[in-house]
Amino acid sequence: MIEKNYQPADIESRMSVVWEDSLAFKAGRPDRRDAVPFTIVIPPPNVTGSLHMGHALNNTLQDILCRFERMRGRDVLWQPGTDHAGIATQMVVERQLMERQQPGRREMGREKFLERVWQWKAESGDTIINQLKRLGASCDWSRERFTMDEGLSKAVVKVFVELHRDGLIYKDKRLVNWDTKLLTAISDLEVQQTEVKGHLWYLRYPIEGKTFSPDDPASFIVVATTRPETMLGDTGVAVHPDDERYQKLVGKHIILPLVGRKVQIVADDYSDPEKGSGAVKVTPAHDFNDFEVGKRHGLRQISVLDKEGCLDLLDNEDYLRDLPEGAAQFAEEFHKVDRFAARKRIVERLEAFGFVERIEPHTHTVPHGDRSGTVIEPYLTDQWYVDAKTLAKPATAAVRSGETSFVPKNWEKTYFEWMENIQPWCISRQLWWGHQIPAWYGPDGKVFVAETEEEAVSHALGYYVEQEVITAEQGREMALDRNKREGFITRDEDVLDTWFSSALWPFSTLGWPDATPEVQRYYPTNVLVTGFDIIFFWVARMMMMGLHFMKEVPFSTIYIHALVRDEKGAKMSKSKGNVIDPLHLIDEYGADALRFTLAAMAAQGRDIKLATSRVEGYRNFATKLWNACRFAEMNHCAVPDGFEPAKAKQTLNRWIAHESAHTTREVTEAIEAYRFNDAAGAIYRFVWNVYCDWYVELAKPVLLGPDGPAKAETRAMVAWARDEILKLLHPFMPFITEELWEVTAKREELLALAQWPLKPSGPTPEQLAMLAAATGPTESLVSPMLVMPIFDHADFTDPKAEAEIGWVIDLITQIRSVRAEMNIAPATLTALVLVGASAETKERAPRWIDVIKRMARLSDISFGDRAPDGAVQLLVRGEVAALPLKGVIDVAAESARLDKEVAKADADIKRAESKLANEKFVANAAEEVVEEEREKREAALARKAKLLEALERLKQAS
RNA sequence: GGGCACGUAGCUCAGCGGGAGAGCACUACCUUGACAUGGUAGGGGUCACAGGUUCGAUCCCUGUCGUGCCCA
């Protein structure tokens, strides 16, 4: 029994339990052992996170695909899990400690702190998972993974060790993006370039051997800079080799103001003669470009900042080397001054001595940390790098060859561009929460990379014995006794970038490096569904790692979906306060309504501007479906055993089967092509505008009439079409459809596992080829007949039924329209005369009298040779239908109405004739287009003739 | 500076080489036996602008203006 009112919350909580208890989403179900697998790995949400609109969209689309393929009989694995999210999680826990006024992480120590993070993960890691369940995500929850699980950690270590062994991971001292707040290096991708209004300072650098005077341009060279405080680390001044102004100065030196360091003037292309003064200061230790210039000219690298971004001058040997007397005093004065304070004070000092020529306002881009928001400092440190350039080559080739393709295609260009200009990937982070790097250092700093400490120790001892640093005897003792080697080798403190472990996600979650059956069966995965914002962070790196370690692409299709924005198109952000919480929408309208909205708006290549009014609209859609099912129930509609819709006798029933098959095709093909909006649109129209608006209405007289074969068949068909709807709609609205499936009939299985509306009759060769291409060669072992039944649409196609119902619909619609136009009250029933009806109409009409009377509010239907006097005359599919309304209608108004119709027909005739009169059109246009024009002209001419006759009669009568 | 999108009804968006569509909003009417979270009918658009290709352009090309995003 269907409840009177649709209450999403009740249904959703109940259905979640039903699915969970029945293990409906479990991969590798025994009954699907021979089915083709379909695999999607979830983009793992941050373990600390909570569901936002992006997740809702992302997971709705994945769920549509998974439910669709599951209903098509495939063995679906939707692999769920969460990401440890290094920096983000560490920040959350640290903030929590601060708020509770508990000891900070440094006070706690690494071990205690990590315990604390694990505790936090245990407490709150389920939040996001439960929220995904509320959305209806049909993941195999029994296989949930976490990037810091034992198994996944094992994969991480193995990958690190192997890449290191192959020279694809290495340690290097170079400039990194340093976050002075989080005190860690970050990768290029975690840096956000933001436009900032700053200044350009023009500084005078005195030329060596000349007496500096601000009034004597020959005594100095002017350099322009946006970061005057870094001048303390200057080790060069660069001018363009072709810049005539400075040619004489190349090779000479300047004396760095305030510092006194002797600095060479070099010629380098990097200096742009058009910009600033044409001369630039070179600070190799604090600027990426300067680093390169410095390398080319052998300039020293002097770091003048510490990890926190304060000047670091005292005891800084690099800084103090070769400085004149008195430099120490300056160093003492500025030591540990924050970089921004230092900027101000150094400029003041320079100004005091006449070293500042001028200051211009200047807008430029400044790097900021995406997590901390602080200004990123290029900083010279030792870090671990992945040779991304080498790994990128096969990853690029795989997309070029089409082994993996992006949907929509235009993202491939973005991917190529980045891959072709890829920089070494800095993977070490000075954090605690994450995978600790499996590298150990000997007493002389030599690195030993190994999967375990024992292995590293044995390598190290072997090495140092060989180097005669220790004796063989000492080596043996140290190997046997932990205490004896205490402090001999120490592990690298750093952890890996979070994205390092997520790069392995498509195979680490399946059990790799162990040779599990899951790796065998579910890799490579079929499709990755994600947002464009992580193409570089994640997609590209999965491609690299997947190809390197598995020798196969991790997925054959990458579906890139849009960003969800607010109604006005602004990015949702907490600071803007325009965040729409998907959970609130679920509470208010139901998960099904939210899901349907997102699917309906997920047009390829376009962002989603979400308006709650849309969600409300689709909630109404769910209600509509609910009530339609109630109607079917009230009328005792059920599908009898052995019912064959193709054998239906009633025109109306044949028609709905025809329409239903058409919709099945539309929905299926749209999902296959990732056109989620088209699929949603097709099922929406079918449910509301076909099934509810017409089929149910047209069926009412039969259902309410006397029992008999027609009524029995109609009852069966109402229920059959309802079931088709429930199936087609299930991927989009799983909760309400599963509920209605359950309550409307006794079912052998869950809707989630029911057969998608397809009639098995064998795939076409074309479809077989597509299947083989999409799923890879391994599956050719499986009978395609078994796994991919293809619907033969011809079974239900019935143009005759379509024409007949089309006529009924047209007739009713036109009568309604003219009644509204004439302001005839709904309570007033009118008669209808079918004038000069054809044999076909005479044959058809009796079948529809009840329906037409009811829906068009008629008192009576009759046939006649001519329209009664003073009747409104409608032209329905070439024949006149007259409503005798003498005395009710205004003859002048009716005549005007007909004139308007004639004018329309005239316009159509004119348009068609002008085209047909154009020789070039007839010569060049496709034959069917020309033919179509001819038909249009004929139809319009016939319509006009009938309308003129109608007008004539009207005149005669009045 | 380089790249990618996008400007279609009041709003949010589909569509696309052969007569402009949806949802919401709006107007009028209707509590008809599934549904007022509903029904019926209706109003509303030089498809940003200017050129070009074509028998034919909202659609393809070029440019302009405007908006957004990514990369330097």
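Predicted model: local features only at pLDDT ≥ 70, side-chain atom pairs only at ≥ 80, totals over all residues.

Q: How many aromatic pairs does the structure hold?
A: Rings count as a pair if their centres lie within 6.5 Å. The structure holds 41 such aromatic pairs. One of them joins Tyr-170 and Tyr-385, whose rings are stacked, with 6.0 Å from centre to centre and 25° between the planes. This pair links distant parts of the chain: Tyr-170 belongs to strand 5 (residues 169-179) and Tyr-385 to strand 14 (residues 377-386), 215 residues apart. Aromatic residues may also be grouped: Phe-596, Tyr-618, Phe-621, Tyr-684, Trp-688 and Phe-732 form one cluster.

Q: Is Tyr-385 buried or exposed?
A: The cut-off for burial is under 20% relative accessible area. Tyr-385 has 2% relative accessibility and therefore counts as buried, whereas Tyr-170, at 25%, counts as partly exposed.

Q: How should I read the salt bridge of Asp-707?
A: Side chains of opposite charge can pair when their charged atoms come close. The structure holds 64 salt bridges. In one of them, Asp-707 pairs with Lys-711, with the closest N and O atoms 2.9 Å apart. Asp-707 is exposed, at 63% relative accessible area, while Lys-711 is buried, at 10%.

Q: Where do Lys-727 and Glu-724 lie?
A: Both are in helix 24 (residues 709-729), three residues apart, which is about one turn of the helix.

Q: Which residues are joined into one network by salt bridges that share partners?
A: A separate bridge between Arg-866 and Asp-869 spans 3.3 Å from N to O. As for the network, shared partners join Arg-227, Glu-229, Arg-339, Arg-343 and Glu-377.

Q: What is found around Arg-630, which is buried yet has no salt bridge?
A: One inspects the nearest opposite charge, then the other partners. Arg-630, in helix 21 (residues 612-634), has Glu-633 as its nearest side chain of opposite charge, 5.9 Å away. Beyond its neighbours within four places in sequence, Arg-630 contacts Ile-2, Glu-3 and Lys-4.

Methods
Residues numbered from 1 in each chain as written. Chains lettered and ligands numbered in written order. Heavy atoms only, no water. Helix = DSSP H or I, 4+ residues; strand = E, 2+ residues; numbered from the N terminus. Buried < 20%, exposed > 50% of the residue type's maximum accessible area, 1.4 Å probe, protein only. Lys, Arg positive; Asp, Glu negative; His and termini not counted. Salt bridge = Lys/Arg side-chain N within 4 Å of Asp/Glu carboxyl O. Contact = heavy atoms within 4.5 Å. Phe/Tyr/Trp six-rings, centres within 6.5 Å; stacked < 30°, edge-to-face > 60°.
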